[in-house]
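Dear colleague,

Please find the structure below for your review. A short account of the findings comes after it.

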Amino acid sequence: MDEDSWRRDFVGDLPPPRLRGVKKDDLPRIAELEKTAFGPKGLSRNGLDVMFDPSGELWILAEDDEGIWGYSVNLRTADSTVGWIAGMAIHPARQRHGWGQLLLRATIDRLHDYDMKVIRLLVKPTNKLARRLYENSGFIDTGERVDHFGPGQSRMVMSLLLPTRGDWHQEHLPEVPVDPDAFTVTDGTTSE
Ligand SMILES: CC(C)(COP(=O)(O)OP(=O)(O)OC[C@H]1O[C@@H](n2cnc3c(N)ncnc32)[C@H](O)[C@@H]1OP(=O)(O)O)[C@@H](O)C(=O)NCCC(=O)NCCS
């Protein structure tokens with residue numbers, strides 16, 4: 001792969017990626033992609049190695065004939081219904097061709113398959129592109145980790161709720177209830 005051949009303003013279209021699970025052999029490439037996306041704050045090869053054993057079956061890679069260009073690193077927690085997207089990126093050479101959206105959809109489906117009810121992630125508040133990608137899939141702002149990476153380096157917590165059962169897919173995200181009666185109790189008073 002030629003690292004100098006990044007094409008942010010790609011003219012024309014790219015075929016969609018092939019998505020697959022992760023093997024230990026893939027960890028060095030994921031660490032490389034983390035470094036490209038997040039610099040020194042990226043997950044290291046060692047950090048990935050520690051997370052791989054308990055959670056590696058939840059991770060997804062995006063690749064084409066030229067190599068691996070994207071990944072999502074996803075974690076279980078002590079509460080088996082709560083999952084975290086700990087890292088996700090598409091290499092600049094493959095950005096803005098829908099790969100990120102496909103990878104995110106596959107990641108949500110994967111975690112749903114593992115009976116997760118909530119998916120959380122951290123995002124830099126100024127990372128508008130990533131925030132929009134997550135919002136488009138139903139994630140909402142659910143708080144802030146103040147100074148998460150040191151003073152002035154806070155991160156927004158975004159969360160997605162998933163239905164307990166049923167044939168769920170991204171296109172069928174539940175509507176947010178807007179019926180005011182849903183908040184009215186039977187004796188005629190309104191709940192707080
Ligand atoms: C965030 C990130 C994963 C998005 O990946 P991506 O593959 O570029 O995402 P997509 O192509 O699916 O969508 C991104 C935008 O490109 C647009 N796009 C998709 N295909 C396109 C095409 N052929 N031509 C032009 N634009 C296109 C999408 O509409 C979307 O724009 P919108 O948000 O205005 O709707 C990627 O930018 C990245 O890795 N960033 C660095 C790491 C990072 O921030 N990770 C998330 C941190 S939590």
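The notes that follow cover the numbering, the ligand shell, the strands and a helix pair.

This is a predicted model, in which local features need pLDDT of at least 70 and side-chain atom pairs count only at pLDDT 80 or more, while totals for chains, interfaces and linings use all residues. Residues are numbered from 1 along each chain as its sequence is written.

Helices (H or I, at least four residues) and strands (E, at least two) are DSSP runs numbered from the N terminus.

Of the 19 residues around the ligand, those that come nearest are Ala37, Ala89, Gln95, Gly100 and Gln101; a residue is near if its C-beta atom, placed from the backbone, lies within 6 Å. Helix H4 (128-136) is among the elements that each supply at least two residues of this shell, and H4 gives the largest share, four residues.

Strands S1 (residues 18-20) and S2 (residues 60-64) pair in the antiparallel sense over three bridges, pairing being counted if DSSP finds at least two bridges. S2 also pairs in the antiparallel sense with S3 (residues 67-76), over five bridges. Alanine 62 in S2 stands opposite leucine 19 and also opposite glycine 70 in S3. S2 and S3 form a hairpin, with two residues between them.

In the contact of H1 with H2, Leu27, Pro28, Ile30 and Ala31 in H1 meet Arg45, Leu48, Asp49 and Phe52 in H2; contact requires C-beta atoms, placed from the backbone, within 7 Å.

Yours sincerely

Key. Two residues are in contact if their C-beta atoms, placed from the backbone, lie within 7 Å.
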